[in-house]
Amino acid sequence: MFFDLIACDCLLCGANTTNKLALCEGCVKALPRIINPCACCGLQHSGPPDSLCGGCLVKPPKFNQCISALSYEFPAKQLISRYKYQQQWLYGNLFAQLLHHRLTSHYLDKQTPEVLLAVPLHPSKLRQRGFNQAFELARRLSALSHIPILKGCLKRTTNTAQQQGLSLKQRRSNIRNAFSLAKPVIHHHILLIDDVVTSGSTCNEISKLLLKHGANQVDVCCLARTPDNTIFR
Ligand SMILES: [Zn+2]
Ligand SMILES: [Zn+2]
């Protein structure tokens, strides 16, 4: 899975590594993954493999499926936070490789999306943070997968309050109508990229907009998915 050989120390265990991924092979393999994800929302569930969870049987989200590389638990949670808030670029390569690996196996027997679309930040948040972590992931993933990025199409028009700490109902109303389209959607199958998916409200809202304006399938790909959202449902 991994390329040019250079020596560096693994950022988790400190072991000498011979890959460019900031973590040694052992720590990469030990990162938390979602066991038995629902075929639609991607949450861990106890039904048969590739089946839908109870929540999706009753009320499926607008997106077709949520594919995640990792489970949002220790130490993935801490690594993502360092990448997002401390701009530790060393992790960018690792995260893109994990996403690419996951997507390659997912789309092996399925139609590959036509374009990648990153969940946008509001311009004021982008100025404050300096970069959009979802766009950075999409950019690196595009280079690896050769799927082009759709730019300048989706705008975040409302600077929403932090979703963290809100109930599912509050998250949905917080994010409602927070996005708009700057140009018509000409692609039918879109892969929406985000760093972390928790309740799925943001991806659901964007999917609704894209499906209303020309897309007919929106898949979601995230670096990490919370293993369950029982606290929100
Ligand atoms: Zn290690
Ligand atoms: Zn589900």
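Me: How many helices and strands does the protein chain have?

Reply: Helices (H or I, at least four residues) and strands (E, at least two) are DSSP runs, numbered from the N terminus. The protein chain has eight helices and eight strands. This is a predicted model, in which local features need pLDDT of at least 70 and side-chain atom pairs count only at pLDDT 80 or more, while totals for chains, interfaces and linings use all residues. Residues are numbered from 1 along each chain as its sequence is written, and chains are lettered from A and ligands numbered from 1 in the order in which they are written.

Me: What is the mean pLDDT of the protein chain, and where is confidence lowest and highest?

Reply: pLDDT is the predictor's confidence in each residue, from 0 to 100. The protein chain has a mean of 88, and 91% of its residues reach 70 or more. Confidence is lowest in helix 7 (residues 168–175), with a mean of 71, and highest in strand 4 (residues 115–118), at 98. Over residues 1–5, pLDDT stays under 50.

Me: What does the radius of gyration say about the protein chain?

Reply: The radius is taken over C-alpha atoms, and the globule rule is 2.2 Å times the number of residues to the power 0.38. For 233 residues, a compact globule would have a radius of gyration near 17 Å, and the protein chain agrees because its own value is 17 Å. The C-alpha trace spans about 50 × 40 × 35 Å along its principal axes.

Me: Which domains is the protein chain divided into, and how many residues are in contact between them?

Reply: Domain bounds come from an automatic or database domain assignment. Here they give domain 1 (1–30) and domain 2 (34–225). The side of domain 1 that touches domain 2 has six nonpolar, no polar and one charged residues. In that count, Ala, Val, Leu, Ile, Met, Phe, Trp, Tyr, Cys and Pro are nonpolar, Asp, Glu, Lys and Arg are charged, and the others, Gly among them, are polar. Two residues are in contact if their C-beta atoms, placed from the backbone, lie within 7 Å. By that rule, seven residues of domain 1 are in contact with seven residues of domain 2. The C-alpha centres of the two domains lie 26 Å apart.

Me: What share of contacts in the protein chain join residues at least 24 apart?

Reply: Among contacts between residues at least 6 apart in sequence, the share is 70%.

Me: Which residues of helix 3 are buried?

Reply: A residue is buried if 20 or more other C-beta atoms lie within 10 Å of its own, exposed if 12 or fewer, and partly exposed in between; C-beta atoms are placed from the backbone. In the protein chain, buried residues make up 37% of the 233 residues. In helix 3 (residues 76–85) they are A76, L79 and Y83. These cover an arc of only 70° around the axis, so they sit on the same side of helix 3. The arc is that of the directions from the helix axis to the C-beta atoms. The face turned away from the buried side carries the exposed residues Q78 and Y85. The cover over the buried residues includes strand 3 (65–71), helix 4 (90–106), helix 6 (133–145) and strand 8 (217–225).

Me: Where is the cis peptide bond beside P75?

Reply: The bond runs from F74 to P75, with omega near -5°. P75 lies in the loop between strand 3 and helix 3.

Me: What is phi in N36 and in H146?

Reply: Phi of N36 is near 55°, a positive value in a residue other than glycine. N36 belongs to the loop between helix 1 (25–30) and helix 2 (54–58), and counts as partly exposed because 14 C-beta neighbours lie inside 10 Å. For H146, also a residue other than glycine, phi is positive and near 65°. H146 lies in the loop between helix 6 and strand 5 (154–156). With 8 C-beta neighbours inside 10 Å, H146 counts as exposed.

Me: Is A182 buried or exposed, and which residues is A182 in contact with?

Reply: A182 has 10 other C-beta atoms within 10 Å and is therefore exposed. A182 is found in the loop between strand 6 (179–181) and strand 7 (189–197). Leaving aside neighbours within four places in sequence, A182 is in contact with G152, C153 and K155.
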